[in-house]
Amino acid sequence: GSLDFPPPFGRQPWPEEAFIHDLDSRTGASLKLTLLNRKGRVWTMVAGGGASVVYADTISDLGFGGELANYGEYSGAPTEDQTFQYA
């Protein structure tokens, strides 16, 4: 069956997160986005869940964790249009 997971920390999703969640629900690919700091200066767009974790960890290890604006990843061969919408 299908499981519904509550939003993190009980908060409602930002419009951008909701848009990507809807896009993700209509594809066999994986499209994920969590906004961490809307005023952050470091935004990432990384292909692959493992790579996105490494990038986020490295940004934090280099002292810029407070500037990390988002955590996101896309994988599973999304179409060109899906990738464009994700960006």
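These legends describe close-up views of one predicted model.

Local features are given where pLDDT is at least 70, side-chain atom pairs count only at pLDDT 80 or more, and totals for chains, interfaces and linings use all residues. Residues are numbered from 1 along each chain as its sequence is written, and side-chain values use heavy atoms, with hydrogens and water left out.

**View 1. Helix 1 and its buried side.**
Helices (H or I, at least four residues) and strands (E, at least two) are DSSP runs, numbered from the N terminus. Helix 1 spans residues 15-25. Its buried residues are E17, I20, L23 and D24. They cover an arc of only 125 degrees around the axis, so they sit on the same side of helix 1. The arc is that of the directions from the helix axis to the C-beta atoms. Buried means under 20% relative accessible area, exposed over 50%, and partly exposed in between (1.4 Å probe, protein chains only). Strand 1 and helix 3 pack against the buried residues of helix 1. P15 and S25 are exposed on the face turned away from the buried side.

E17 lies in helix 1. Its relative accessible area is 6%, which makes E17 buried. A polar contact is a pair of N or O atoms within 3.5 Å; within protein, one must be able to donate a hydrogen and the other to accept it, and residues adjacent in sequence count only if both atoms are side-chain atoms. The E17 side chain reaches the backbone nitrogen of W14 at 2.7 Å. A polar atom of that side chain also lies 2.7 Å from the backbone nitrogen of L35. Contact means heavy atoms within 4.5 Å. Neighbours within four places in sequence aside, E17 is in contact with R11, L33, T34 and L35.

**View 2. N70 in strand 2.**
N70 belongs to strand 2, which covers 70-75. N70 counts as buried, at 3% relative accessibility. A polar atom of the N70 side chain lies 2.9 Å from the backbone nitrogen of T44. Leaving aside neighbours within four places in sequence, the contacts of N70 are L33, T34, L35, L36, V42, W43 and T44.

**View 3. Helix 2 under strand 2.**
Helix 2 runs over residues 49-64, and its buried residues are S52, A56 and I59. Seen down the axis, these fall within an arc of 60 degrees, so they line one face of helix 2. Strand 2 is included in what covers them. The face turned away from the buried side carries the exposed residues G50, V54, D61 and L62.

A77 is in the loop between strand 2 and helix 3 (80-86). Its phi is near 60 degrees, a positive value in a residue other than glycine. Most residues other than glycine have a negative phi. A77 is exposed, with a relative accessible area of 71%.

**View 4. The second largest pocket.**
About 220 Å³ of space lies in this pocket. Its lining comprises E16, F19, I20, L33, L35, W43, T44, M45, N70, Q85, Y86 and A87. Helix 1, strand 1 (30-35) and helix 3 each give two or more residues to the lining. Helix 1 gives the most, with three residues. On a 1 Å grid over the protein atoms alone, a pocket is an open set of points where a 1.4 Å probe fits, with protein on both sides within 12 Å along at least five of seven lines; lining residues have an atom within 4 Å of a point.

Notes: Points joined across faces, edges and corners; volume = space filled by probe spheres on them.
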